[in-house]
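How can one read a protein model step by step, from its overall make-up to its individual residues?

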Amino acid sequence: MKSLIRLFAATAAVVAVVALAPPIASAHSLKDVQQDLFDTEKYFESRNEPAPEFALQDADGNPVDLEGLQGKVVVLHFIYAGCPDVCPLHADRIGEIQEMVNETPMKDRMQFITITTDPERDTPEVLEGYGPVHGLDPSTNWVFLTSGPDKPEDTTRKLAEKFGHKFIVTEDGFQTHSVVTHIIDQNGQWVANFHGLGFEPTNLVLFINGLTNANVPHHEEPASLWDRLRSLF
Amino acid sequence: MHSNQHLPGSALPEGRRNSPEFSLRRKRRTAAMLAALVLGMVGLSFAAVPLYRLFCQVTGYGGTTQVATAAPEQSERRITVRFDANVAANMAWAFSAPKPVELALGETGLVAYTGRNPTNRPILGTATYNVTPAQAGVYFNKIQCFCFTEQLLMPGEEKEFPVSFFVDPAIEDDPDLASVTTITLSYTFFDKGAEALEKYMASHGIKAAELKDQER
């Protein structure tokens with residue numbers, strides 16, 4: 001009987017070691033990144049809806065629309081060049097992220113887009129001069145878009161509203177608006193927002209990486225018994 | 001309560017079997033058995049998930065067929081996997097890649113990258129990964145990798161980061177990749193910065209004083 005107890009105790013010990021050992025596979029799928037961001041990045045918001053359509057143009061008048069960006073991960077934000085406070089900081093942050101991403105093979109798989117909410121004052125000259133000052137590289141995968149002369153002046157502000165922004169335009173031409181970085185996946189799906197400027201830049205880079213690798217099948221963990229039972233209903 | 005019962009097969013004389021000491025010993029033994037049983041059951045319940053994973057990896061049941069079916073169906077076509085190690089501009093680590101390996105499709109490979117922190121301060125890093133050519137990424141399966149997870153290297157510390165992987169034999173059926181003989185797995189490590197390091201230390205119970213001790 002004693003040997004039986006010893007055997008049982010030994011089995012229990014082995015079982016405990018197995019149970020406490022770290023899991024075999026580390027986090028490496030988009031789902032894992034999303035979960036990590038849910039847990040650790042309070043400025044991350046997951047979304048899942050088609051991104052609002054847009055058809056705008058760059059400083060040279062070249063058309064840029066959402067459909068043409070299929071196959072690329074898009075990082076999109078709204079600012080205006082005359083904005084005195086938070087816009088330059090937001091542009092700096094996007095510039096920092098562009099630099100990080102462009103150090104990896106993700107460089108060719110994504111597009112950074114800044115859209116002006118003040119097309120009247122942000123002339124092509126203004127658009128052209130803005131990027132380099134804020135570390136945004138127009139020669140690779142960043143572009144500053146405006147609505148163009150043929151469209152109503154409030155086109156881009158209307159678009160920003162579809163992305164959840166609210167505008168208050170003051171008498172002296174300043175616009176009060178929120179600071180949000182929007183992420184659109186390769187299929188035109190609006191998949192996330194990073195709010196404000198308090199988020200950790202590497203978290204956004206990891207999320208982009210998760211998206212660029214999203215089509216890669218991973219070694220998925222089996223669904224738990226509970227999940228499988230629940231899925232029956 | 002069992003002290004008056006006859007125990008078949010017992011070599012003890014009747015008197016000892018009925019003695020209070022013997023009765024106490026049996027009670028203790030029963031208690032020990034029950035305790036071991038409870039411990040074992042609790043342990044088993046905790047072990048159910050990893051054991052299930054292990055079972056699935058071995059048998060291929062439960063959605064892990066990528067690993068289980070790939071190995072026995074090794075193809076004659078061989079492929080070279082190259083490894084690329086990069087650090088971002090803000091990252092002070094030295095990060096080096098393992099040598100390329102050539103393996104059959106479906107064959108599992110295991111390599112290790114090496115990271116070293118040559119500075120006198122702790123650095124928290126995180127890595128992104130990419131597979132080139134991008135289309136081959138669909139067939140490149142990583143069983144274990146260090147990407148996305150925060151990695152702390154103390155001053156002067158060197159650490160190995162293992163990656164285990166295989167290339168899905170289904171790549172043979174993809175005409176676009178018929179000429180592909182080499183796949184590159186590329187990692188880039190980023191410095192997560194001071195704020196993230198502080199958070200990591202707090203959540204892992206590493207005290208600033210300990211870090212300073214190591215820095216000396």
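The following paragraphs consider chain A, its sheet, one of its helices, and then chain B.

The model is a predicted one. In chain A the secondary structure amounts to 7 helices and 10 strands. The chain has 233 residues, of which 39% are buried. If one takes the contacts in chain A between residues at least 6 apart in sequence, 72% of them join residues at least 24 apart.

Chain A contains an open sheet of 6 strands with mixed pairing, in the order S1-S10-S9-S4-S5-S6. Strand S1 (44–50) and strand S6 (142–145) of chain A are at the edges; each has a single partner strand, and therefore one side of each lacks a neighbour in the sheet. From one strand to the next, the twist averages 25°. Within this sheet, strands S9 (residues 180–184) and S10 (residues 189–195) of chain A run antiparallel and are joined by 5 bridges. Here A:Ile184 is placed opposite A:Trp190 in S10(A). In a regular strand, side chains alternate between the two faces of the sheet.

Attention now turns to a helix. Helix H3 of chain A (residues 86–101) has 16 residues; at 1.5 Å a residue it should span 22 Å, and because its end C-alpha atoms are 23 Å apart, the model agrees with this expectation. The buried residues of H3(A) include A:His90, A:Ala91, A:Ile94, A:Gln98 and A:Val101. An α-helix has 3.6 residues a turn, so residues three or four places apart point the same way. What covers the buried residues of H3(A)? The cover includes strands S4 (73–79), S5 (110–116), S6 and S9 and helix H6 (201–212) of chain A, together with strand S9 (182–191) of chain B.

The largest nonpolar core has 82 residues, and those touching the most other members are A:Val75, A:Val205, A:Phe207, A:Ile208, B:Phe140, B:Val167 and B:Ile183. One of these, A:Phe207, is in contact with A:Val33, A:Leu37, A:Ile183 and A:Ala192, when its neighbours within four places in sequence are left aside.

Notes. Residues are numbered from 1 along each chain as its sequence is written. Chains are lettered from A and ligands numbered from 1 in the order in which they are written. This is a predicted model: local features need pLDDT of at least 70, side-chain atom pairs count only at pLDDT 80 or more; totals for chains, interfaces and linings use all residues. Helices (H or I, at least four residues) and strands (E, at least two) are DSSP runs, numbered from the N terminus. A residue is buried if 20 or more other C-beta atoms lie within 10 Å of its own, exposed if 12 or fewer, and partly exposed in between; C-beta atoms are placed from the backbone. Two residues are in contact if their C-beta atoms, placed from the backbone, lie within 7 Å. Two strands pair if DSSP finds at least two bridges between them. Axes are lines fitted to C-alpha atoms, for helices over the stretch in contact, and angles run from 0 to 180 degrees between N-to-C directions. The expected span of a helix is 1.5 Å times one less than its number of residues. A nonpolar core is a set of buried Ala, Val, Leu, Ile, Met, Phe, Trp, Tyr and Cys residues joined through C-beta atoms within 7 Å.
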